[in-house]
Protein chains: 2
Amino acid sequence: MSKTQPKRNATEDDAPTCAGGDHDHQPVKFDDSACERAAAIFRALGEPQRLRLLIMLEARACCVSELAEALSEPLPAISQRLRILKSERIVRSRRQGKHVYYSLADEHISRLVTNGVMHAMEDE
Amino acid sequence: MSKTQPKRNATEDDAPTCAGGDHDHQPVKFDDSACERAAAIFRALGEPQRLRLLIMLEARACCVSELAEALSEPLPAISQRLRILKSERIVRSRRQGKHVYYSLADEHISRLVTNGVMHAMEDE
DNA sequence: CATATACTTGCACAATCCTGCAACTGTTAA
DNA sequence: TTAACAGTTGCAGGATTGTGCAAGTATATG
């Protein structure tokens, strides 16, 4: 046994969350794929342009041209970003006439966005 | 005036969050730099390896070798990732003897991580 | 002081991702 | 059906980023 770790006590329950084992009676229960999925969501949120889109959508559903005009950016760029957000199920789209309205997928996402921005505004 | 947008009503309060203007009496108040900062945080969370680190740190503070052993990865790799997380003030480090203990920076981050993973586990 | 442990940093390679433009699809109106 | 509007998709640069290994720093121990 390598003595790299400081070894708090001699018992064996040393891996509280995500060691290599497959015991699932831990306080924070999560599996490997959930971790990857969560990271994918965070990555999608991790870009100023996309995040700004989401902040607008948090207020209300918008169509693509609305977003493009509000942000002063070409329409294909907006569409592309929405596509990425949709592929992660962060936004959903519904067609209405010749417009496509985008909105946040659920309350969970909404809270995630809000919390992130709140945190960013607080400590800097 | 271009009639690209569907124009819900004729009033002028059409930009609820982040239009180009500089009026700050809106429901969701946030400025440009906050958006970029928030994105930077999300981006840091947006990688499975780093996220896994954070999930471990959510349970308790760990030193680098602990994390390296638990995740079966070379120590420099862990250190590198922690460096990135620290540069975004997502984790903080405190030295204790010959070990350096890392922990989440604050409750806000902890909640962000938890919410993200929870969401990921729910709908897939 | 010299050595071992614990961790950090630098650098180069590879992969991934964002962007912009052009072409294409779908919907409404004449 | 044709034309105009709304949005999507494909593709090729260019930039950013993750990874691995080697070398460097810092702290404790003999």
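B:Ser72 is placed in the loop between α3 and α4 of chain B. This is a predicted model, in which local features need pLDDT of at least 70 and side-chain atom pairs count only at pLDDT 80 or more, while totals for chains, interfaces and linings use all residues. Residues are numbered from 1 along each chain as its sequence is written, and chains are lettered from A and ligands numbered from 1 in the order in which they are written. Helices (DSSP H or I, at least four residues) and strands (DSSP E, at least two residues) are numbered from the N terminus.

B:Ser72 is not a glycine, yet its phi is positive, at about 55 degrees. Most residues other than glycine have a negative phi. B:Ser72 counts as exposed because 8 C-beta neighbours lie inside 10 Å. Burial is judged from C-beta atoms placed from the backbone: a residue with 20 or more others within 10 Å of its own is buried, one with 12 or fewer is exposed, and one in between is partly exposed.

In chain A, A:Ser72 lies in the loop between α3 and α4. Phi of A:Ser72 is positive, near 55 degrees, in a residue other than glycine. With 8 C-beta neighbours inside 10 Å, A:Ser72 is classed as exposed.

## Chain A overall

Five helices and three strands make up the elements of chain A, and from the N terminus on they run α-α-β-α-α-β-β-α. Of the 124 residues in chain A, 33% are buried. Among the contacts in chain A with a separation of 6 or more, 47% join residues 24 or more positions apart; two residues are in contact if their C-beta atoms, placed from the backbone, lie within 7 Å.

## Strand pairing

Chain A has an open sheet of three strands in the order β1-β3-β2, with antiparallel pairing. Its edge strands, which pair on one side only, are β1 (62-63) and β2 (91-96). Two strands count as paired if DSSP finds at least two bridges between them. The antiparallel strands β2(A) and β3(A) are joined by six bridges, and A:Arg95 stands opposite A:Val100 in β3(A).

In chain B, β2 (residues 91-96) pairs with β3(B) in the antiparallel sense over six bridges. B:Arg95 has B:Val100 in β3(B) as its bridge partner. Two residues lie between the strands in the hairpin of β2(B) and β3(B), where B:Gly97 takes a positive phi near 70 degrees.

## Helix α5 of chain B

Helix α5(B) covers residues 107-122, and its 16 residues should span 22 Å at 1.5 Å a residue; the end C-alpha atoms are 22 Å apart, which agrees. The expected span is 1.5 Å times one less than the number of residues.

The buried residues of α5(B) are B:Ile109, B:Leu112, B:Val113, B:Gly116, B:Val117, B:His119 and B:Ala120. Seen down the helix axis, these buried residues of α5(B) fall within an arc of 160 degrees, so they line one face; the arc is that of the directions from the axis to the C-beta atoms. Their cover includes α1 (32-45) and α5 (107-122) of chain A, together with α1 (32-45), α2 (48-59) and β3 (99-104) of chain B.

The face of α5(B) turned away from the buried side carries the exposed residues B:Glu107 and B:Glu122. B:Met121 also lies in α5(B) and is partly exposed, with 16 other C-beta atoms within 10 Å. The C-alpha atoms of B:Met121 and B:Arg92 are separated by 27 Å, the two residues being 29 apart along the chain.

## Surfaces near the DNA strands

Around DNA strand C there are 23 residues, of which B:Cys63, B:Val64, B:Ser65, B:Pro76 and B:Ser79 come nearest. A residue is near a strand if its C-beta atom, placed from the backbone, lies within 6 Å of it. At least two residues of the surface near strand C come from each of α4 (75-87) of chain A and α3 (64-70), α4 (75-87) and β3 of chain B; α4(B) gives the most, six residues.

Of the 23 residues around DNA strand D, the nearest are A:Cys63, A:Val64, A:Ser65, A:Pro76 and A:Ser79. Two or more residues of the surface near strand D come from each of α3 (64-71), α4 and β3 (99-104) of chain A and α4 of chain B. The largest share, six residues, is that of α4(A).
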